[in-house]
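I set out to go through this model residue by residue and to note what I looked up. The entries follow the order in which I took up each topic.

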Amino acid sequence: MASVLKNKDLLKTQGFINNEWVNSSSSDTFEVKNPALEPKKESYLATVQSMSGDDYENAIAAASEAFKTFGKSTGRYRSNLLYKLYELMLENQDDLAKLVVLENGKPYADALGEVKYAASFFQWYSEQAPSVQGDILQSGNADNINILALKQPIGVCGIMTPWNFPLAMITRKLGAAVAAGCTTVIKPATETPLSAFALAQLSVDAGFPKGVINVLASHDPAKVGKLICEHPTIKKVSFTGSTRVGKLLMQQSASTLKKISLELGGNAPFIVFEDADLDKAVTGAIASKFRSSGQTCICANRLFVHESIYDEFTAKFVKQLKEKIVLGNGLDKDTTYGPVIHQGSMEKIRNQLKDALDKGAKLLLGGDKRPDLGENFHDLTVLGDVTPEMEIFNEETFGPLAPFIKFSSEEEVLKLANDTPVGLAGYFYSKDLDRVFRVAAALEVGMIGVNTGAISEAALPFGGVKESGFGREGSKFGVQDYLIIKGVVLGKGE
């Protein structure tokens, strides 16, 4: 695999603790494979060290020791570190993108876009770091002068990330933590540790002090998650993943009343009103639904189309999609869509598809596995006449399966769109300005795309409501979750 990389130093398979690459104390390992090549022998990428509980204890101790100094460093110093890391990511963007393709399966163009998106968080937080400051409050007590509201880094942070954006989900959290002055222990997804290790190596090249960034992989994520959440030295946990796991981590974090940020699953509605620009809405819907073969937390999951334009819209959607589909290996230049990550994802897609068809949905496009390409490939599939009784309406798919639902009124579609316990992202298309503000206020989600299917950028306060979690990443608000506010009352000295 190293042969595809220009910078061979980026290929690492050990744990990264206190700026050193170390083997697991338990000698455990696990294999990382390319999902596009399964089940072929060529799918093998690397054997990675699976770090033990003792190794995580060492990393936490290193981060705690580093915090004694790093937590007192200047914002300008931290800004310079982050900006250097941003520059190094761009200098190595081709290699980083290839690592993402190999372990995640997404097409090279998508992976390169992720690298640039991931790097942008370091640029963004390099600009935020010098501006982290407190406030002076006027006391209501005549015996006091003022109240100082000091903002200080919270301490050692545990970061746990998913496989679908193996770089961006780390940088969005790590950038904010470093800007605040925190140190970190990072557990990347078991499926995609290699790009995280490459990022750790770049942090050394950027001049980060020992112990500020620690990256350890494990084939036992449940055990590691419990250790991180219950460890008294770790003062904050940030997790991106499923709602089910997020609830468990929250329970575990309660043992130390740890500060926690959760970015969890969604069931995003995508609404096309009768006055929408149909061509733009079709392009936005395809981009939102099928990015990374539908494996993003903010993918459109339920596509609602007004009954008066339903037939025209779905026909345009299928036609445009047919023109774009090239399934294959992400490193092939013509590939537009890659595989799903593993057989668990494939099984969910097949179950939802069968349930929908059995209950009366119409197959408009696709519908089959693609074993001719590999065991993890599935046709991009479009379903019509989907109803709320079907599993696909109520459960996030996380795969290349697009369900269309008809609606007749704004009141009806808002009720359907909000009929879910989660609320991460939502989208709608309309030219009516009154409706834009009305619907944006009514949708029960944390982020909304209006006349766009692409919302992700560093300036966006990223996060959800309801069972999609809490806390915000990115934007000017992102650093706040890594700070504590200390109130200092100044009494009169007389």
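**Entry 1: Thr183**

I began with Thr183, which lies in strand β8, a run covering residues 183-187. I kept in mind that the model is predicted. Looking at the side chain, I found one of its polar atoms 2.8 Å from the backbone oxygen of Ala63. Setting aside residues up to four places away in sequence, I listed what Thr183 touches, and the list includes Ala63, Ser64, Ala66, Phe67 and Phe70, together with Gly155, Val156 and Cys157, and also Gly211 and Val212.

**Entry 2: Glu263**

I then turned to Glu263, where UniProt, in an unreviewed entry, places the feature "active site". The same record type gave me "domain: Aldehyde dehydrogenase" at residues 21-487, again from an unreviewed entry. Over residues 21-487 I noted 39% helix and 21% strand, with the end C-alpha atoms 41 Å apart.

Glu263 itself lies in strand β11, which spans residues 259-263, and it counts as buried at 3% relative accessibility. Which side chain does Glu263 join in a polar contact of 2.9 Å? It is the side chain of Arg172.

**Entry 3: nonpolar cores and a helix pair**

I next looked up the largest nonpolar core, which has 66 residues, and those with the most contacts inside it are Met89, Leu96, Phe122, Leu167, Leu194, Phe208 and Val215. A second, separate core holds 38 residues, including Ala36, Val272, Tyr310 and Ile455. For Phe208, leaving out residues up to four places away in sequence, I noted that it touches Asn19, Leu81, Leu82, Leu85, Val178, Ser203 and Ile213.

I then examined helix α3 (residues 93-104) and helix α6 (residues 194-205), whose axes come within 8 Å and cross at roughly 160 degrees. I recorded α3 as roughly antiparallel to α6, because angles over 145 degrees count as such. The contact is made by Leu96, Leu99, Val100 and Glu103 on the α3 side, and by Leu194, Ser195, Ala198 and Leu202 on the α6 side.

**Entry 4: Asp355**

Asp355 sits in helix α11, which runs over residues 343-358, and at 11% relative accessibility it counts as buried. I checked which residues Asp355 touches, not counting those up to four places away in sequence, and found Met390 and Glu391. With Glu391 there is a close pair of atoms to record, as its backbone nitrogen lies 2.8 Å from a polar atom of the side chain of Asp355.

**Entry 5: Asn146**

My last stop was Asn146, found in strand β6 (residues 144-153). At 24% relative accessibility Asn146 counts as partly exposed. Leaving aside its neighbours within four places in sequence, I found Asn146 in contact with Ile136, Leu137, Gln138 and Ser139, and also with Val488, Val489 and Leu490. How far apart in space are Asn146 and Gly265? I noted 44 Å from C-alpha to C-alpha, for two residues that are 119 residues apart in sequence.

Conventions
Residues numbered from 1 in each chain as written. Predicted model: local features only at pLDDT ≥ 70, side-chain atom pairs only at ≥ 80, totals over all residues. Heavy atoms only, no water. UniProt positions renumbered as here; feature names shortened; annotations may be inferred. Helix = DSSP H or I, 4+ residues; strand = E, 2+ residues; numbered from the N terminus. Buried < 20%, exposed > 50% of the residue type's maximum accessible area, 1.4 Å probe, protein only. Polar contact = N/O pair within 3.5 Å; in protein donor to acceptor, adjacent residues only side chain to side chain. Contact = heavy atoms within 4.5 Å. Core = buried A, V, L, I, M, F, W, Y, C linked by side-chain atoms within 4.5 Å. Axes fitted to C-alpha atoms, helices over the stretch in contact; angles between N-to-C directions. Parallel < 35°, antiparallel > 145°, perpendicular 65-115°, else oblique.
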